[in-house]
Amino acid sequence: MTFISKHITALIASLAVMLASCGSPADEPVAPPRLPGDEGTVMLDLNVVVDGQTDPGAVGSRAFPVIEDGSFEDPVTDYEKLKTLRVIIVRPDGTVEHNRYVELSTPAYNVLHSDNLRFNVRHSERKTIYLLGNEAVVSKQNGDYDFSAIAVGSQFPAGTVADLKLNATIDNSLSSTSRTYVPMSESFDVQIDAPKTMDDFEITRQLFITRSLIKFSFSVKSEVPYDTKRKLTGISVTNLADRSYYLPRATVYDPPKYDAGGNVTQSTNDKGGRLITSFELPDGFSTTKRRFPVMPYYDLDSENELIFTPYIYMPESDVKEGSSYNVRLYFDGDRDDELSDWLGTRPLAITDIPRNTHVKVNIKITSVGIVADVTLVPYTCISLNPGFGGFEHPEEDTN
């Protein structure tokens, strides 16, 4: 054997050893076993949890209790419940896998499931699932944005949807002629694993959806008599943010949204509530004053206490540095401005007002002005269990 032949033989032997080492079964990725009927998909059932809250009513005879234990409240009007829901499921490469719109026959907060929340999806990947509730007002406030135009098989416009904003109040008061359902939203990253048993071909994931706005309620009581009849006609709050995002932005929840393994957590408190501890508003947002009309008029000489909920919903708010939310009262009669100026304005001792929050302001009129304190009450999370109907006229996935 020649010198060259010997070296070629040695080189071939070395390569064979290297290939055997690199290609050992222990180092090769092992594909998950295919079960009978496995075509790369599983059936995903979604249970959706809706946050809700209770309201003390338009007029009452007792002040709001000071809530120190983080108590939660349930919904009151149908407009605070879920009427429509769009579910958009996006694959890791940004491809839209499903875009389904369903409408409830009646607004719901404790029952929401039917075959319209069953989706055949590819397994072995982590998807983003968008829940868009009561979208009509969002579309209107964003140039008639068409969520149904997000076609299955297309690239999901993640940046555009994330930048959608709520920039006007919703007036659902008794005098309003344009009541509408309060928008809700959420998005989740959800892992869909390959099935290991036949039972794994049908899986369930429980998610939650959050109201995107806030609302105020007030209690007012006079502790001093007046020599003439004075009627309270309005209450204003200043320095509220004029716009916020439709979808939560940099929002932190308590309990957290995900556990250490990246799975969506379930709330552990008695009512299933979830606090929001921080969030992000659009850059350069402005502040505005919102005046809440008081109906019926409140007579300061009545010695009664007015509990008043205007059912007006606004963007979540973060007071700007060096400022505060200020509350002011307005009265009828010739001395309206004089009395309002004498009572003055009072700051509210809060800074952040996250979405899904009911702001309760207690006001006392004293001999030296007004005293105001405030309580923030979050909505509950109510489980919408499977096995119940309620949807009608589903819109098929957009193709």
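**Figure 1. Asp-299, a buried residue in a strand.** With a relative accessibility of 19%, Asp-299 counts as buried, because buried means under 20% relative accessible area, exposed over 50% and partly exposed in between (1.4 Å probe, protein chains only). Asp-299 belongs to strand S15, which covers residues 287-299. Strands (E, at least two residues) and helices (H or I, at least four) are DSSP runs, numbered from the N terminus. Thr-233 is 66 residues away from Asp-299 along the chain, and the C-alpha atoms of the two are separated by 9.4 Å. The model shown here and in the other views is predicted: local features need pLDDT of at least 70, side-chain atom pairs count only at pLDDT 80 or more, and totals for chains, interfaces and linings use all residues. Residues are numbered from 1 along each chain as its sequence is written, and side-chain values use heavy atoms, with hydrogens and water left out.

Figure 2. Lys-320 sits in the loop between strand S18 (317-318) and strand S19 (325-331). Its relative accessible area is 39%, so Lys-320 is partly exposed. Contact means heavy atoms within 4.5 Å. Apart from neighbours within four places in sequence, Lys-320 is in contact with Phe-285, Ser-286 and Thr-287. The C-alpha atoms of Lys-320 and Asp-352 are separated by 9.6 Å, and these residues are 32 apart along the chain.

Figure 3. The peptide bond from Asp-254 to Pro-255 is cis, with omega near 5°. Pro-255 is in the loop between strand S13 (252-254) and strand S14 (275-278). Ala-250 is not a glycine, yet has a positive phi of about 50°; this residue lies in the loop between strand S12 (244-245) and S13. Ser-124, also not a glycine, has a positive phi of about 65°. The loop that holds Ser-124 runs between strand S4 (118-122) and strand S5 (125-133). Ser-124 is partly exposed, with a relative accessible area of 42%.

**Figure 4. Phe-216 in the largest nonpolar core.** A nonpolar core is a set of buried Ala, Val, Leu, Ile, Met, Phe, Trp, Tyr and Cys residues joined through side-chain atoms within 4.5 Å. The largest one has 33 residues, and of these Phe-216 and Ile-363 touch the most other members. Another core, of 30 residues, lies apart from it and includes Leu-82, Ile-89, Leu-117 and Leu-281. Leaving aside neighbours within four places in sequence, the contacts of Phe-216 include Val-237, Leu-240, Phe-292, Ile-353 and Val-361. In soluble globular proteins, nonpolar side chains tend to be buried together.

**Figure 5. The lining of the largest pocket.** A pocket is an open set of points on a 1 Å grid over the protein atoms alone, where a 1.4 Å probe fits, with protein on both sides within 12 Å along at least five of seven lines; lining residues have an atom within 4 Å of a point. The largest pocket has 11 lining residues, and Ser-173, Leu-174, Ser-175, Met-295 and Phe-308 lie nearest its centre. The lining has 8 nonpolar residues, 3 polar and no charged. Here Ala, Val, Leu, Ile, Met, Phe, Trp, Tyr, Cys and Pro count as nonpolar, Asp, Glu, Lys and Arg as charged, and the others, Gly among them, as polar.
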